[in-house]
Amino acid sequence: MKKTKILWTDDEIDLLRAHIIFLQEKGFEVLTTNNGSDAIDLVKKDFFDIIFLDENMPGLSGLQTLNEIKSIDPNVPVVMITKSEEEDIMDEAIGSKMADYLIKPVNPKQILLSIKKNVDQRRLVTQRTTSAYQSEFGKIGMQISDKLSFDEWVDVYKKLVFWELELSTSEDSAMDEVLKMQKSEANNSFARYIRNSYQSWFGKNPVDRPLLSTDIFRKKVFPQVDAGHKVFVLVIDNLRFDQYKVLATVLNNYYHIEEEDLYCSILPTATMYARNAMFAGLMPTEIERLYPDFWDDDDNEGHKNRFERELLQKQLARLGKNYKLFFEKITNVKGDKKMGDYLGNILQSDLAVMVFNFVDMISHARTEMDMIKELASDESAYRSLTLSWFNHSSLLDLLKLLAENKVKVVLTTDHGSIRVDNALKVIGDRETNTNLRYKLGRNLNYNSKAIYDIKNPASIFLPSRNVSTSYIFATNTDFFAYPNNYNYFAQYYRNTFQHGGISLEEMIIPVVTMMPKG
């Protein structure tokens with residue numbers, strides 16, 4: 001095993017001989033210098049796992065040396081050691097991207113802890129995380145096999161996402177596979193739960209009915225406005241709970257998370273159904289009956305979401321809400337560039353709503369573009385790409401401005417997505433829709449017990465194109481493909497992110513209330 005190589009630079013290095021011997025006895029390779037210039041020369045010639053650097057040296061100071069070292073090797077962790085506790089020196093050192101800061105006199109155990117924290121951290125985190133998940137694995141498995149309520153399924157999903165995020169920081173690929181299998185087991189059980197429960201939520205005496213798409217504005221948004229808050233509702237299309245959790249690491253800098261809730265998207269978990277239901281506060285058949293001009297049977301998703309503002313205005317009118325409303329939809333990157341211009345309109349409104357389609361664009365681009373497939377090759381990379389977009393988007397700039405202006409934010413989505421890998425053959429007529437996770441049409445022919453089929457769409461408030469229309473929904477990581485060119489399409493769509501069907505990722509989604517800090 002390769003030894004950890006340490007460079008220690010101090011103008012009184014001879015007085016630290018006991019520390020050096022201690023580290024060598026622990027198995028570390030230690031090189032020493034007594035000035036910044038020699039340290040810089042060594043860094044140019046050799047690789048070091050960690051560098052200890054005295055702040056106060058004759059000639060080049062520690063901070064000057066630090067800057068030179070970082071220009072040569074930006075990634076090497078540098079630990080500054082100083083006699084001074086002056087705040088400006090600490091600030092300057094931290095601003096120079098040092099890895100740690102120790103005050104003299106230092107003892108060997110402090111040095112050892114700093115090495116473990118900066119060099120061995122990933123290995124130690126992997127060991128701790130693997131051990132912790134192993135102890136939780138059995139408990140989660142027993143919970144999955146039980147007969148659960150919706151709230152209990154939310155608890156299971158939160159645990160799985162927690163461990164998915166934890167394990168993504170480790171290097172134990174074996175545990176990744178174990179978690180993947182446990183998520184698959186959970187999704188199979190969740191699909192059985194939906195088959196047994198979903199229709200009952202729409203009966204006269206609903207049992208275990210969760211918060212649904214139709215409830216979001218009435219229960220999560222309007223009470224905030226009625227309480228006198230200016231409220232900004234941010235709907236990020238196709239945002240999964242795990243993606244929200246990585247965005248929350250940024251949002252926590254500007255907002256207190258007042259309430260982090262998870263609700264259930266209606267079926268199909270597709271924009272044209274779930275988002276229209278959210279804005280209207282009505283199920284699809286109710287929208288079609290009450291507002292036929294706002295419901296389109298066209299299979300094009302974009303066509304079915306042309307009237308979101310109008311549907312929200314209708315919901316406000318039905319409930320007697322006379323808010324001053326601002327509504328905007330951002331459907332491309334160019335629209336993102338001018339988002340700061342919306343601040344005035346938002347501040348002049350009681351309720352401002354913005355729909356943002358960028359995460360959905362990533363999902364679709366990943367299916368169609370090889371470069372995006374490489375950038376979002378797995379779940380962790382997909383989250384990373386989402387976070388990278390968010391950090392560099394003007395949406396974040398707008399959220400910062402809203403925090404400064406004390407605007408309350410409700411962040412939510414219409415549905416999530418799941419990475420699919422198993423193609424199922426389905427046969428339908430020419431009117432059958434093209435979505436990969438659900439189908440509606442006449443005479444649908446399929447052969448899998450894993451499919452959830454609805455022969456009577458009215459029972460779950462879904463429109464019918466004709467008297468013999470039925471719906472089928474894919475579960476877990478399945479997707480639908482036609483027999484024609486089956487092998488080509490099965491391969492083309494495998495490992496792409498899709499939505500419309502039944503899974504924890506698609507159906508259990510965030511609605512988060514955030515209060516500006518300060």
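Which residues lie nearest the centre of the second largest pocket? They are Glu-164, Asp-176, Lys-180, Glu-379 and Arg-419, from a lining of 23 residues. The model is predicted.

- The volume of the second largest pocket is about 580 Å³.
- Four elements each supply at least two residues of the lining: helix H7 (150-167), helix H8 (173-197), helix H19 (379-391) and strand S11 (418-420).
- Helix H8 provides the largest share of this lining, with seven residues.
- Sorted by class, the lining of the second largest pocket holds 11 charged, eight polar and four nonpolar residues.

**Salt bridges around Lys-183**

- The count of salt bridges in the model comes to 26.
- One of them joins Lys-183 to Glu-164, with the closest N and O atoms 3.3 Å apart. This pair links distant parts of the chain, since Lys-183 belongs to helix H8 and Glu-164 to helix H7, 19 residues apart.
- Lys-183 also meets the side chain of Glu-505 in a salt bridge, at 3.2 Å from N to O. Here the two residues are 322 residues apart, with Glu-505 in helix H22 (residues 504-507) and Lys-183 in helix H8.
- Are Lys-183, Glu-164 and Glu-505 buried or exposed? Buried means under 20% relative accessible area. Lys-183 has a relative accessible area of 11%, so Lys-183 is buried. Glu-164 is buried because its relative accessible area is 10%. Glu-505, with a value of 4%, is therefore buried too.
- A network of salt bridges links Glu-164, Lys-183, Arg-240, Asp-242, Glu-379, Arg-383, Arg-419 and Glu-505. Among its members, Glu-164, Glu-379 and Arg-419 are also listed with the residues nearest the centre of the second largest pocket.

**The salt bridge between Asp-261 and Lys-220**

- Asp-261 forms a salt bridge with Lys-220, and their closest N and O atoms are 2.9 Å apart.

- Strands of a sheet pair through backbone hydrogen bonds, either parallel or antiparallel.
- Strand S12 (residues 422-427) pairs with S17 in the parallel sense, over four bridges.
- Within S17, Ala-481 stands opposite Lys-425.

**Helix H11**

- How many residues of helix H11 (residues 271-280) are buried? The number is 10 of its 10 residues, and the helix is described as mostly covered.
- The buried residues of H11 include Arg-275 and Asn-276, as well as Met-272, Tyr-273, Met-278 and Phe-279.
- Gly-281 follows H11 and has a positive phi, near 70°.

Conventions
Residues are numbered from 1 along each chain as its sequence is written. This is a predicted model: local features need pLDDT of at least 70, side-chain atom pairs count only at pLDDT 80 or more; totals for chains, interfaces and linings use all residues. Side-chain values use heavy atoms; hydrogens and water are left out. On a 1 Å grid over the protein atoms alone, a cavity is a set of points where a 1.4 Å probe fits but cannot get out, and a pocket is an open set with protein on both sides within 12 Å along at least five of seven lines; lining residues have an atom within 4 Å of a point. Grid points are joined across faces, edges and corners, and a volume is the space filled by probe spheres set on the points. Ala, Val, Leu, Ile, Met, Phe, Trp, Tyr, Cys and Pro count as nonpolar, Asp, Glu, Lys and Arg as charged, and the others, Gly among them, as polar. Two strands pair if DSSP finds at least two bridges between them. A salt bridge is a side-chain nitrogen of Lys or Arg within 4 Å of a carboxyl oxygen of Asp or Glu. Buried means under 20% relative accessible area, exposed over 50%, partly exposed in between (1.4 Å probe, protein chains only).
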